[in-house]
Amino acid sequence: MGIIRTMESLKAEMEEIKTMITQTIQRKPGEDLVASQAIESREKVVCVTSGVSYLGLSVAGELLLRGYHVRLGVENEEHMEKLGEMEVFASVRHRVQVVMAKVMEVESLCEAFNGCHGVFHTSAFDAGGISGYTKHLAELEAKAGENVIEACSRTSSVRKCVFTSSLLACIWRPTVSSFGPAIDESCWSQESFCRDKKIMLLFNYEKFYEILVIHLSAHEMFASGLLATVNVAKVAKAHVAAYEEMSRGAAGRYICFDKVIRATEDAVELQQQMKIAGRLIQFTQDALPLYDLRNAKLRKLMSVYRQCTHTTYL
(Lines give C-alpha, C1' and ligand atoms only; values in the text may rest on other atoms or scores of the structure.)
Protein backbone atom coordinates (compact mmCIF):
# COMPACT_ATOMS: atom_id res chain seq x y z
CA MET A 1 0.00 0.00 0.00
CA GLY A 2 1.16 3.55 -0.55
CA ILE A 3 0.19 7.19 -0.47
CA ILE A 4 -0.74 9.43 -3.39
CA ARG A 5 0.43 13.00 -3.04
CA THR A 6 -0.84 16.25 -4.56
CA MET A 7 -1.71 16.48 -8.26
CA GLU A 8 1.39 18.67 -8.76
CA SER A 9 3.56 15.97 -7.22
CA LEU A 10 1.73 13.32 -9.21
CA LYS A 11 2.38 15.20 -12.45
CA ALA A 12 6.11 15.40 -11.66
CA GLU A 13 6.21 11.68 -10.86
CA MET A 14 4.45 10.83 -14.12
CA GLU A 15 6.92 12.90 -16.10
CA GLU A 16 9.78 11.06 -14.41
CA ILE A 17 8.26 7.67 -15.19
CA LYS A 18 7.49 8.74 -18.76
CA THR A 19 11.15 9.60 -19.25
CA MET A 20 12.28 6.33 -17.66
CA ILE A 21 9.97 4.23 -19.85
CA THR A 22 10.98 6.05 -23.04
CA GLN A 23 14.68 5.61 -22.30
CA THR A 24 14.28 1.95 -21.41
CA ILE A 25 12.32 1.15 -24.55
CA GLN A 26 15.02 2.87 -26.59
CA ARG A 27 17.68 0.80 -24.86
CA LYS A 28 15.85 -2.52 -25.26
CA PRO A 29 13.85 -2.48 -28.50
CA GLY A 30 14.33 -6.22 -29.01
CA GLU A 31 12.66 -7.20 -25.77
CA ASP A 32 9.43 -5.41 -26.48
CA LEU A 33 9.35 -6.75 -30.05
CA VAL A 34 9.88 -10.39 -29.13
CA ALA A 35 7.49 -10.25 -26.19
CA SER A 36 4.80 -8.65 -28.33
CA GLN A 37 4.71 -11.70 -30.62
CA ALA A 38 2.74 -13.53 -27.94
CA ILE A 39 0.54 -10.55 -27.14
CA GLU A 40 -2.70 -12.27 -28.14
CA SER A 41 -2.29 -14.73 -25.30
CA ARG A 42 -4.73 -13.95 -22.55
CA GLU A 43 -1.90 -14.29 -20.07
CA LYS A 44 -0.54 -11.04 -21.49
CA VAL A 45 -3.59 -9.03 -20.40
CA VAL A 46 -3.32 -7.68 -16.86
CA CYS A 47 -4.79 -4.97 -14.65
CA VAL A 48 -2.83 -2.70 -12.30
CA THR A 49 -4.84 -0.99 -9.56
CA SER A 50 -4.11 2.62 -8.62
CA GLY A 51 -2.89 3.51 -12.08
CA VAL A 52 -1.88 7.01 -10.96
CA SER A 53 0.36 5.99 -8.07
CA TYR A 54 4.13 6.02 -8.44
CA LEU A 55 4.37 2.26 -7.86
CA GLY A 56 1.38 1.50 -10.07
CA LEU A 57 2.84 3.46 -12.97
CA SER A 58 6.25 1.86 -12.49
CA VAL A 59 4.80 -1.67 -12.50
CA ALA A 60 2.73 -0.79 -15.58
CA GLY A 61 5.85 0.50 -17.31
CA GLU A 62 7.76 -2.70 -16.62
CA LEU A 63 4.83 -4.80 -17.85
CA LEU A 64 4.68 -2.81 -21.08
CA LEU A 65 8.38 -3.40 -21.63
CA ARG A 66 7.62 -7.12 -21.36
CA GLY A 67 4.94 -6.95 -24.02
CA TYR A 68 1.79 -6.94 -21.89
CA HIS A 69 -1.52 -5.26 -22.53
CA VAL A 70 -2.12 -3.22 -19.38
CA ARG A 71 -5.32 -1.88 -17.90
CA LEU A 72 -4.60 1.00 -15.56
CA GLY A 73 -7.27 1.13 -12.88
CA VAL A 74 -8.16 4.60 -11.60
CA GLU A 75 -10.61 5.83 -8.97
CA ASN A 76 -12.19 8.84 -10.65
CA GLU A 77 -12.60 10.85 -13.86
CA GLU A 78 -10.00 13.41 -12.76
CA HIS A 79 -7.26 10.79 -12.63
CA MET A 80 -8.43 9.36 -15.95
CA GLU A 81 -8.19 12.80 -17.56
CA LYS A 82 -4.77 13.46 -16.03
CA LEU A 83 -3.38 10.23 -17.47
CA GLY A 84 -4.77 11.19 -20.87
CA GLU A 85 -3.33 14.69 -20.74
CA MET A 86 0.13 13.61 -19.65
CA GLU A 87 0.40 10.79 -22.19
CA VAL A 88 2.63 8.79 -19.87
CA PHE A 89 2.65 5.79 -22.20
CA ALA A 90 2.32 7.58 -25.55
CA SER A 91 4.86 5.32 -27.28
CA VAL A 92 2.90 2.16 -26.42
CA ARG A 93 -0.64 3.56 -26.14
CA HIS A 94 -2.06 0.71 -28.24
CA ARG A 95 -1.35 -1.60 -25.30
CA VAL A 96 -2.66 0.65 -22.53
CA GLN A 97 -6.26 1.06 -21.46
CA VAL A 98 -7.37 3.31 -18.62
CA VAL A 99 -10.40 1.89 -16.82
CA MET A 100 -12.46 2.83 -13.81
CA ALA A 101 -11.58 0.48 -10.94
CA LYS A 102 -12.99 1.76 -7.67
CA VAL A 103 -11.37 -0.33 -4.96
CA MET A 104 -14.26 0.23 -2.55
CA GLU A 105 -16.73 -1.28 -5.03
CA VAL A 106 -16.39 -4.98 -5.83
CA GLU A 107 -18.55 -4.76 -8.95
CA SER A 108 -16.39 -1.97 -10.35
CA LEU A 109 -13.30 -4.10 -9.80
CA CYS A 110 -14.92 -7.16 -11.40
CA GLU A 111 -15.69 -5.11 -14.48
CA ALA A 112 -12.13 -3.80 -14.65
CA PHE A 113 -10.63 -7.28 -14.14
CA ASN A 114 -12.92 -9.07 -16.63
CA GLY A 115 -10.79 -10.55 -19.41
CA CYS A 116 -7.53 -10.11 -17.49
CA HIS A 117 -5.38 -13.11 -16.63
CA GLY A 118 -3.58 -11.32 -13.82
CA VAL A 119 -4.05 -8.48 -11.33
CA PHE A 120 -1.38 -6.36 -9.66
CA HIS A 121 -2.83 -4.70 -6.57
CA THR A 122 -0.75 -1.60 -5.80
CA SER A 123 -3.66 0.53 -4.64
CA ALA A 124 -3.00 3.75 -2.75
CA PHE A 125 -5.19 6.39 -1.12
CA ASP A 126 -4.64 10.13 -1.03
CA ALA A 127 -3.66 10.67 2.58
CA GLY A 128 -2.07 14.08 2.28
CA GLY A 129 1.26 12.69 3.48
CA ILE A 130 2.29 10.51 6.43
CA SER A 131 0.55 12.75 8.97
CA GLY A 132 -2.74 12.27 7.13
CA TYR A 133 -2.66 8.49 7.39
CA THR A 134 -5.40 7.86 9.96
CA LYS A 135 -7.03 4.80 11.49
CA HIS A 136 -9.98 5.34 9.17
CA LEU A 137 -7.72 5.38 6.13
CA ALA A 138 -6.03 2.18 7.32
CA GLU A 139 -9.44 0.54 7.58
CA LEU A 140 -10.23 1.67 4.03
CA GLU A 141 -6.95 0.21 2.79
CA ALA A 142 -7.77 -3.13 4.42
CA LYS A 143 -11.28 -3.14 2.98
CA ALA A 144 -9.90 -2.28 -0.46
CA GLY A 145 -7.57 -5.27 -0.23
CA GLU A 146 -10.47 -7.53 0.67
CA ASN A 147 -12.48 -6.19 -2.26
CA VAL A 148 -9.66 -6.83 -4.72
CA ILE A 149 -9.30 -10.43 -3.57
CA GLU A 150 -13.07 -10.93 -3.70
CA ALA A 151 -13.22 -9.45 -7.22
CA CYS A 152 -10.40 -11.74 -8.35
CA SER A 153 -12.24 -14.80 -7.03
CA ARG A 154 -15.43 -13.72 -8.81
CA THR A 155 -13.75 -13.01 -12.16
CA SER A 156 -13.35 -16.24 -14.11
CA SER A 157 -10.49 -14.97 -16.30
CA VAL A 158 -8.23 -14.04 -13.36
CA ARG A 159 -5.71 -16.73 -12.46
CA LYS A 160 -2.92 -14.78 -10.78
CA CYS A 161 -2.65 -11.90 -8.32
CA VAL A 162 0.45 -10.07 -7.13
CA PHE A 163 -0.49 -8.20 -3.97
CA THR A 164 1.75 -5.41 -2.66
CA SER A 165 1.94 -5.46 1.13
CA SER A 166 4.33 -4.17 3.80
CA LEU A 167 7.21 -5.53 5.81
CA LEU A 168 5.03 -4.76 8.81
CA ALA A 169 2.96 -7.82 7.90
CA CYS A 170 5.99 -9.80 9.06
CA ILE A 171 7.12 -8.10 12.27
CA TRP A 172 4.16 -6.80 14.35
CA ARG A 173 4.20 -8.65 17.71
CA PRO A 174 4.19 -7.49 21.33
CA THR A 175 7.97 -7.44 21.00
CA VAL A 176 9.99 -7.96 17.87
CA SER A 177 12.23 -10.22 19.95
CA SER A 178 9.43 -12.79 19.75
CA PHE A 179 11.23 -13.80 16.56
CA GLY A 180 14.73 -15.15 16.20
CA PRO A 181 17.47 -12.98 14.72
CA ALA A 182 16.41 -13.80 11.14
CA ILE A 183 13.40 -12.01 9.63
CA ASP A 184 12.17 -13.51 6.38
CA GLU A 185 8.97 -14.54 4.56
CA SER A 186 8.19 -17.22 7.15
CA CYS A 187 7.63 -14.54 9.84
CA TRP A 188 4.06 -13.34 10.41
CA SER A 189 2.74 -10.49 12.47
CA GLN A 190 0.50 -11.62 15.34
CA GLU A 191 -3.13 -11.13 14.32
CA SER A 192 -4.47 -10.63 17.85
CA PHE A 193 -1.82 -8.00 18.56
CA CYS A 194 -2.67 -6.18 15.32
CA ARG A 195 -6.37 -6.16 16.18
CA ASP A 196 -5.69 -4.86 19.70
CA LYS A 197 -3.54 -2.08 18.31
CA LYS A 198 -5.95 -1.40 15.42
CA ILE A 199 -3.26 -2.31 12.90
CA MET A 200 -5.10 -3.36 9.77
CA LEU A 201 -3.53 -6.32 7.99
CA LEU A 202 -4.76 -8.95 5.58
CA PHE A 203 -4.63 -12.62 6.48
CA ASN A 204 -5.51 -15.87 4.71
CA TYR A 205 -6.76 -14.66 1.34
CA GLU A 206 -5.63 -17.55 -0.85
CA LYS A 207 -8.70 -18.65 -2.81
CA PHE A 208 -9.25 -20.05 -6.31
CA TYR A 209 -6.29 -18.46 -8.05
CA GLU A 210 -2.63 -17.99 -7.35
CA ILE A 211 -1.79 -15.03 -5.12
CA LEU A 212 1.68 -13.75 -4.47
CA VAL A 213 2.55 -11.06 -1.96
CA ILE A 214 5.45 -8.65 -2.35
CA HIS A 215 6.45 -7.01 0.96
CA LEU A 216 7.85 -3.51 0.70
CA SER A 217 9.92 -2.38 3.63
CA ALA A 218 9.88 1.30 4.62
CA HIS A 219 8.76 2.14 8.13
CA GLU A 220 10.03 3.09 11.59
CA MET A 221 11.95 -0.07 12.48
CA PHE A 222 15.24 1.82 12.63
CA ALA A 223 15.88 1.06 16.28
CA SER A 224 15.73 -2.69 15.67
CA GLY A 225 17.72 -2.62 12.45
CA LEU A 226 14.64 -3.37 10.34
CA LEU A 227 14.16 -0.08 8.51
CA ALA A 228 14.88 -0.74 4.84
CA THR A 229 14.51 1.08 1.53
CA VAL A 230 14.13 -0.05 -2.07
CA ASN A 231 14.29 1.58 -5.49
CA VAL A 232 10.90 1.66 -7.22
CA ALA A 233 12.37 0.29 -10.45
CA LYS A 234 13.58 -2.80 -8.60
CA VAL A 235 10.15 -3.22 -7.02
CA ALA A 236 8.49 -3.07 -10.44
CA LYS A 237 10.86 -5.68 -11.84
CA ALA A 238 10.24 -7.90 -8.82
CA HIS A 239 6.47 -7.72 -9.37
CA VAL A 240 6.73 -8.75 -13.01
CA ALA A 241 9.34 -11.43 -12.33
CA ALA A 242 7.17 -12.95 -9.60
CA TYR A 243 4.13 -12.91 -11.87
CA GLU A 244 5.93 -14.64 -14.73
CA GLU A 245 7.69 -17.15 -12.51
CA MET A 246 4.36 -18.29 -11.01
CA SER A 247 4.04 -20.65 -13.95
CA ARG A 248 7.30 -22.24 -12.81
CA GLY A 249 6.43 -22.54 -9.14
CA ALA A 250 6.84 -19.05 -7.64
CA ALA A 251 4.36 -18.60 -4.80
CA GLY A 252 3.84 -17.16 -1.35
CA ARG A 253 5.55 -14.08 0.01
CA TYR A 254 8.68 -12.20 -1.08
CA ILE A 255 10.46 -9.48 0.88
CA CYS A 256 11.86 -6.77 -1.37
CA PHE A 257 14.50 -4.27 -0.22
CA ASP A 258 17.83 -2.76 -1.28
CA LYS A 259 19.38 -1.42 1.88
CA VAL A 260 18.83 -1.68 5.62
CA ILE A 261 19.19 1.74 7.26
CA ARG A 262 21.38 1.46 10.36
CA ALA A 263 23.49 4.64 10.38
CA THR A 264 21.93 7.77 11.88
CA GLU A 265 23.14 9.91 8.98
CA ASP A 266 21.38 7.60 6.52
CA ALA A 267 18.15 7.82 8.53
CA VAL A 268 18.38 11.62 8.59
CA GLU A 269 18.93 11.68 4.83
CA LEU A 270 15.90 9.42 4.32
CA GLN A 271 13.68 11.73 6.37
CA GLN A 272 14.90 14.74 4.42
CA GLN A 273 14.21 13.04 1.10
CA MET A 274 10.68 12.15 2.24
CA LYS A 275 10.19 15.65 3.72
CA ILE A 276 8.94 14.19 7.02
CA ALA A 277 11.74 15.22 9.37
CA GLY A 278 11.04 14.08 12.94
CA ARG A 279 7.76 12.37 12.10
CA LEU A 280 8.82 8.95 10.88
CA ILE A 281 12.03 8.07 12.72
CA GLN A 282 13.05 9.00 16.24
CA PHE A 283 16.60 8.12 17.14
CA THR A 284 19.70 9.32 18.95
CA GLN A 285 22.28 6.78 17.81
CA ASP A 286 23.01 4.24 15.11
CA ALA A 287 20.76 1.19 15.06
CA LEU A 288 22.23 -2.02 16.43
CA PRO A 289 22.10 -5.02 14.07
CA LEU A 290 19.75 -7.01 16.34
CA TYR A 291 18.01 -8.72 13.45
CA ASP A 292 18.98 -10.05 10.08
CA LEU A 293 16.44 -8.97 7.46
CA ARG A 294 16.62 -11.47 4.61
CA ASN A 295 15.45 -11.47 1.00
CA ALA A 296 17.20 -14.63 -0.21
CA LYS A 297 13.93 -15.99 -1.62
CA LEU A 298 13.48 -12.97 -3.90
CA ARG A 299 17.15 -12.93 -4.91
CA LYS A 300 16.88 -16.57 -5.97
CA LEU A 301 13.70 -15.84 -7.94
CA MET A 302 15.28 -12.86 -9.71
CA SER A 303 18.35 -14.93 -10.59
CA VAL A 304 16.20 -17.65 -12.19
CA TYR A 305 14.08 -15.00 -13.91
CA ARG A 306 17.11 -13.30 -15.46
CA GLN A 307 18.37 -16.65 -16.76
CA CYS A 308 14.97 -17.48 -18.29
CA THR A 309 14.52 -14.07 -19.92
CA HIS A 310 18.09 -14.13 -21.24
CA THR A 311 17.37 -17.50 -22.89
CA THR A 312 14.09 -16.18 -24.29
CA TYR A 313 15.69 -13.18 -25.98
CA LEU A 314 18.96 -14.85 -26.99
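Which residue is the bridge partner of Gly118 in β7? Select Gly118 and look across to β7: the partner there is Lys160.

Before moving on, note that this is a predicted model, in which local features need pLDDT of at least 70, side-chain atom pairs count only at pLDDT 80 or more, and totals for chains, interfaces and linings use all residues. Residues are numbered from 1 along each chain as its sequence is written, and side-chain values use heavy atoms, with hydrogens and water left out.

**Stop 1: strand β5.** Select residues 118-121. Gly118 and Phe120 point one way, Val119 and His121 the other, and all are buried (under 20% relative accessible area, 1.4 Å probe, protein chains only). In a regular strand the side chains alternate between the two faces of the sheet. Strands here are DSSP E runs of at least two residues, and helices H or I runs of at least four, numbered from the N terminus.

**Stop 2: the neighbours.** Val48 stands opposite Phe120.

**Stop 3: the core.** Show Leu63, Val70, Phe89 and Phe120, the residues with the most contacts inside the largest nonpolar core, which has 33 residues. Such a core is a set of buried Ala, Val, Leu, Ile, Met, Phe, Trp, Tyr and Cys residues joined through side-chain atoms within 4.5 Å. Its largest share, 7 residues, comes from α9.

**Stop 4: Leu63.** Centre on Leu63, whose contacts (heavy atoms within 4.5 Å) include Val46, Val48, Phe120 and Val240, not counting residues up to four places away in sequence.

Key: Buried < 20%, exposed > 50% of the residue type's maximum accessible area, 1.4 Å probe, protein only. Pairing = 2+ DSSP bridges.
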